[in-house]
Structures are given as structure tokens and as C-alpha cells.
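Thanks for coming, everyone. Please have the sequence and the structure open while I talk.

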Amino acid sequence: MNIRQLECFIEVAKTLNFTRAAQNLFLSQTVVTNHIRHLEENVGFPVFARNKKSVSLTENGAILLQEAQQVIESAVSCRNLAVQLKTGYAGIIRLAYIRGIEQCILTGILGDFYQKHPDIHFELFRDGQGNVQKMLARNEVDGIFTFHPARNEDYETLLIQSFPLVAAVSKSHPFASGTSISYSRLIRETHVVFDSSNQKITAPNLDNTLLKIAINSCTAVIPEFITSYSSYEKYICYMPLTDLDLSFDIYFVYRRTNRNLLLQRFLDNIGQPPADDQPAATP
């Protein structure tokens with residue numbers, strides 16, 4: 001049996017009239033009759049009891065009708081899904097992100113996109129800077145949220161958001177009594193700088209750094225967004241820097257050769273990629 005036979009079967013069962021069913025399907029009555037005959041040959045029993053005056057479903061035909069309707073519904077759903085996949089309206093986007101980004105912008109970005117495209121789903125991977133870069137290089141993900149722009153022509157970089165940098169010191173540190181501090185003064189301390197423009201001095205583990213600040217083992221310069229989700233409010237004092245006019249940048253990096261149609265929809269939602277004459281970025 002095939003889909004067309006089932007469609008004819010369902011329409012005749014609905015109208016109990018071969019002529020009307022043929023009209024509804026825009027087919028000739030002979031074609032509809034032949035489809036029903038072939039269906040009955042395939043299943044090995046009559047699906048309709050018919051005489052010169054009436055057409056009715058047989059007992060077996062009534063049971064088969066329920067299954068036929070489910071098959072047609074599944075076929076329609078499958079056809080619609082295929083169209084969505086072809087046009088980029090359904091499927092999966094694989095994304096990796098640096099630990100901590102989910103606390104500031106990622107939830108809002110993904111939530112907004114999902115509300116607009118509920119048939120597009122995410123596979124998400126959370127790891128350190130080096131590992132997410134490797135995942136992108138191995139084509140294991142469609143793109144990464146990272147602290148570092150790419151510097152390789154194989155990749156495109158999109159600046160997502162910039163955050164000011166602030167000083168973080170233990171509340172038991174002498175600097176905690178002030179309302180602000182100069183970076184030139186803070187730099188004399190044992191400190192860590194979260195600077196998205198310089199990978200060498202970016203702290204490898206934010207949680208460990210916050211713990212060290214809390215116990216007064218070091219001071220740090222961190223992105224302002226960290227102050228809103230850190231669980232160390234009781235132990236850490238945050239204050240603006242008076243002589244450091246830098247920002248902490250978050251980027252989305254993806255391969256130029258990526259052919260996932262869904263990725264372009266995602267990019268359209270978060271902003272446009274940089275022009276070709278802008279410096280490209282690089283894991």
C-alpha cells in the first residue's frame with residue numbers, strides 16, 4: 001500500500017461515496033476505485049461493503065481506518081518537518097560556551113531565539129577556553145561564545161557585548177574601605193586580570209579566583225557582570241577603577257564555511273557578522 005491509496009481510503013470512508021471522494025481529491029472516479037482495489041488486494045480483505053445503493057466500512061476497514069489516519073498525519077508532519085529543515089526553520093544548533101557566560105548574556109540570547117523559533121533546538125557544551133576552541137576547530141559545534149576574538153581567516157567573529165572592568169578585593173583587605181581604586185595602585189598587589197584582549201593573563205578558572213579573593217589571597221580585575229551572580233558577596237568588595245578605561249568583551253566565533261542554515265538564523269537574531277574588511281578573529 002502507499003500514501004495515495006490511504007488518502008483515497010480515508011476520503012471514501014469520510015464521504016461513503018466514490019464520486020464525491022474523487023471530486024474532493026481532484027481525481028477521476030476510476031483512479032479512486034483502482035486505488036481502493038489495490039489497497040484491498042494488499043491487505044487481503046475488503047475495506048468497504050458496497051452495492052448499487054450504498055457504501056459502508058467493513059469491520060476490518062473501520063479498524064484499518066484508524067491506523068491509516070495516523071499514517072497520513074505522520075506523513076504530513078514528516079513532510080512539513082522536511083520543508084522546515086530545508087529552509088532552516090527546524091533542527092539543531094550546536095553551541096559551546098566559556099564557563100560563566102551563562103550567568104550574564106547567554107540565557108537571554110538563547111531564550112529570545114527559542115521563543116521565536118521553538119522548532120530549533122540547542123545542543124550546549126560548557127567548558128574552558130581552550131576546549132571550546134578545539135571543539136570549533138574539529139567542527140563539533142557550529143559556534144562558540146568566548147572571551148577572545150579569532151585571528152584566523154577561517155573564522156568570523158561577532159562582538160556580542162562589552163562589560164566594564166572592576167576591582168575585586170576581600171572585605172578584609174585594606175582597599176575595601178574605599179569607594180574606588182586606581183589600577184596603578186592595585187597592580188602592586190598579587191592580582192589577576194580578566195582581559196579579553198590578552199589570553200596570557202586571563203584567569204583560567206573564575207571560581208578558584210573568586211575563592212582566592214574571598215580569603216584575601218589575591219585581588220583581581222574582573223568583568224562587572226560577575227558581581228551580580230557571585231556567591232561571595234559576604235566576602236568580596238567590588239569597586240570601580242579610576243584609571244583603567246578598558247572593557248571585557250564577549251564574542252561569538254564560527255567558521256566561515258559553516259553550512260548549517262539554522263546558524264544564519266541564529267546570527268540574524270543576535271546581530272550581523274563583521275564586514276570582510278574588518279579584522280577577523282581566531283580560536
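First, the ground rules. This is a predicted model, so local features need pLDDT of at least 70 and side-chain atom pairs count only at pLDDT 80 or more, while totals for chains, interfaces and linings use all residues. Residues are numbered from 1 along each chain as its sequence is written, and side-chain values use heavy atoms, with hydrogens and water left out.

Now the overview. The protein chain has nine helices and ten strands. Helices (H or I, at least four residues) and strands (E, at least two) are DSSP runs, numbered from the N terminus. The chain has 283 residues, and 42% of them count as buried. Buried means under 20% relative accessible area, exposed over 50%, and partly exposed in between, with a 1.4 Å probe and protein chains only. Take the contacts in the chain with a separation of 6 or more: residues 24 or more positions apart account for 74% of them. Contact here means heavy atoms within 4.5 Å.

Next, helix packing. Two packed helices are described by the angle between their axes and the distance between the axes. Axes are lines fitted to C-alpha atoms, for helices over the stretch in contact, and angles run from 0 to 180 degrees between N-to-C directions.

How do helix 1 and helix 3 cross, and at what angle? Helix 1 covers residues 3-15, helix 3 covers residues 29-43, and their axes come within 9 Å and cross at roughly 110°. The two helices are therefore roughly perpendicular to each other. The cut-offs: under 35 degrees is roughly parallel, over 145 roughly antiparallel, 65 to 115 roughly perpendicular, and the rest oblique. From helix 1, R4, Q5, L6, C8, F9 and V12 meet V32, H35, I36, H38, L39 and N42 of helix 3. By class, that contact has seven nonpolar, four polar and one charged residues. Ala, Val, Leu, Ile, Met, Phe, Trp, Tyr, Cys and Pro count as nonpolar, Asp, Glu, Lys and Arg as charged, and the others, Gly among them, as polar.

Helix 2, residues 18-25, also packs on helix 3, at about 105° with the axes 8 Å apart. This pair, too, is therefore roughly perpendicular. F18, T19, A22 and L25 of helix 2 make the contact with Q29, V32, T33 and I36 of helix 3. Those residues divide into five nonpolar, three polar and no charged.

Stay with helix 1 for a moment. E11 is in this helix. Is E11 buried or exposed? E11 counts as buried, at 11% relative accessibility. Leaving out residues up to four places away in sequence, E11 touches A21, N24 and L25.

On to the strands. Strand 8, residues 219-223, is largely enclosed by the rest of the structure, because five of its five residues are buried. Strand 6, residues 155-170, pairs with strand 8 in the antiparallel sense over four bridges. Pairing needs at least two DSSP bridges between two strands. In strand 8, P223 is the bridge partner of L165.

Last, a few single residues. H148 sits in the loop between strand 5 (143-146) and strand 6. H148 is buried, at 8%. H148 and D249 are 101 residues apart in sequence and 7.7 Å apart in space, C-alpha to C-alpha.
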